[in-house]
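This report concerns the structure displayed below.

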Amino acid sequence: GERPEAAPGVPTAQVIGEPIGKNTAPAIALAAWWIQGAGKDVAMVVLPSDHRVEPSERFREDLERAARVAIERGGIVTFGIPPTRPETGYGYIEAGEAIAPGSPFHAVNAFREKPDLATAARYAGDGKHLWNAGIFVFPPAVMLEELRAHCPDIAALLPEMPPRPGEGIASALERFYGAVPSISIDYAVMERSKRALVARAGFAWD
C-alpha cells in the first residue's frame with residue numbers, strides 16, 4: 001500500500017508502495033513504465049536510500065551530467081566510486097575505455113560480485129575497479145527496451161498495468177507483484193546490457 005509518511009513532502013499520489021518485496025528490477029520496471037510518457041528528453045534516476053552522499057551540490061551536478069549522457073547516447077549510466085579501502089561488502093564495476101578523452105564516463109568491462117579480501121585488495125589498487133553505488137540514470141524507454149530483451153518475464157506483464165498510477169492501483173500492483181520474478185536490476189539488465197556506462201563519481205559515498 002501507499003506509505004506517504006516514508007517520503008514527507010512528496011504528494012501521496014507519487015508514493016507507490018510495494019505489496020511484497022521482489023528485489024529492484026520489478027520496481028524499476030514499473031517506474032519506467034509510468035515515467036516513459038514524460039517525453040524523450042527525460043531521464044530517471046534510481047537511488048538507494050541508505051547511503052551518505054556528499055557534497056550534495058556535486059552529487060546533483062554529477063546526476064545532471066549523467067542524465068545528459070544517458071539521453072544523448074541512449075544508455076544506462078551507473079556510478080562507480082573510487083574505492084578508499086579493500087571493501088568486501090560492495091560489488092565492483094570494472095571500467096573500460098572512456099567514451100571520450102578525459103571523460104568521466106567509461107564503457108563497462110564487467111560487473112563483479114562482492115569479492116574476498118585478497119580480490120578486494122587487488123581491485124582497490126588497480127585503478128580500474130570502482131564500487132558499485134547502485135545508482136542508475138537512464139531514459140525510461142531505454143530501460144524498457146533492455147527489459148524486453150533481457151528479462152521478458154517482467155516486461156511482458158507491464159502492458160497489463162494501467163498507463164499511470166491512480167485509483168485502483170492497489171489491485172493491479174498485487175497482480176503484478178504476485179506474478180513477477182524476484183530479481184535485481186543488476187542481474188536482470190545491467191550485467192547483460194551493451195548499453196551500460198559507468199561514471200567515475202566526483203562525490204563521496206559510503
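The following paragraphs describe a predicted model.

The protein chain has 7 helices and 8 strands. Its radius of gyration is 17 Å, which agrees with the value near 17 Å that a compact globule of 206 residues would have. Among contacts between residues at least 6 apart in sequence, 78% join residues at least 24 apart. Further values for the protein chain are collected here.

| Property of the protein chain | Value |
|---|---|
| Span of the C-alpha trace along the principal axes | about 50 × 35 × 35 Å |
| Share of the 206 residues that count as buried | 43% |
| Distance between the centres of the 21 positive and 26 negative side chains | 4 Å |

The largest nonpolar core comprises 40 residues, and Met143, Met161 and Phe176 have the most contacts inside it. Helix H1, residues 24–35, gives the most to this core, with 7 residues. Apart from it lies another core of 23 residues, including Ile81, Ala120, Trp131 and Leu197. Beyond residues up to four places away in sequence, Met161 touches Leu30, Trp33, Trp34, Ile169, Ala172, Leu173 and Phe176.

Val45 belongs to strand S1, which covers residues 44–46. Val45 counts as partly exposed because its relative accessibility is 36%, between the 20% and 50% limits. Leaving aside neighbours within four places in sequence, Val45 is in contact with Leu63, Ile135, Phe136 and Val137. The C-alpha atoms of Val45 and Leu63 are separated by 7.9 Å, and these two residues are 18 residues apart along the chain.

Key: Residues are numbered from 1 along each chain as its sequence is written. This is a predicted model: local features need pLDDT of at least 70, side-chain atom pairs count only at pLDDT 80 or more; totals for chains, interfaces and linings use all residues. Side-chain values use heavy atoms; hydrogens and water are left out. Helices (H or I, at least four residues) and strands (E, at least two) are DSSP runs, numbered from the N terminus. Buried means under 20% relative accessible area, exposed over 50%, partly exposed in between (1.4 Å probe, protein chains only). Contact means heavy atoms within 4.5 Å. A nonpolar core is a set of buried Ala, Val, Leu, Ile, Met, Phe, Trp, Tyr and Cys residues joined through side-chain atoms within 4.5 Å. The radius of gyration is taken over C-alpha atoms; the globule rule is 2.2 Å times the number of residues to the power 0.38. Lys and Arg count as positive and Asp and Glu as negative; His and the chain ends are not counted. The place of a charge is taken as NZ of Lys, CZ of Arg, CG of Asp or CD of Glu.
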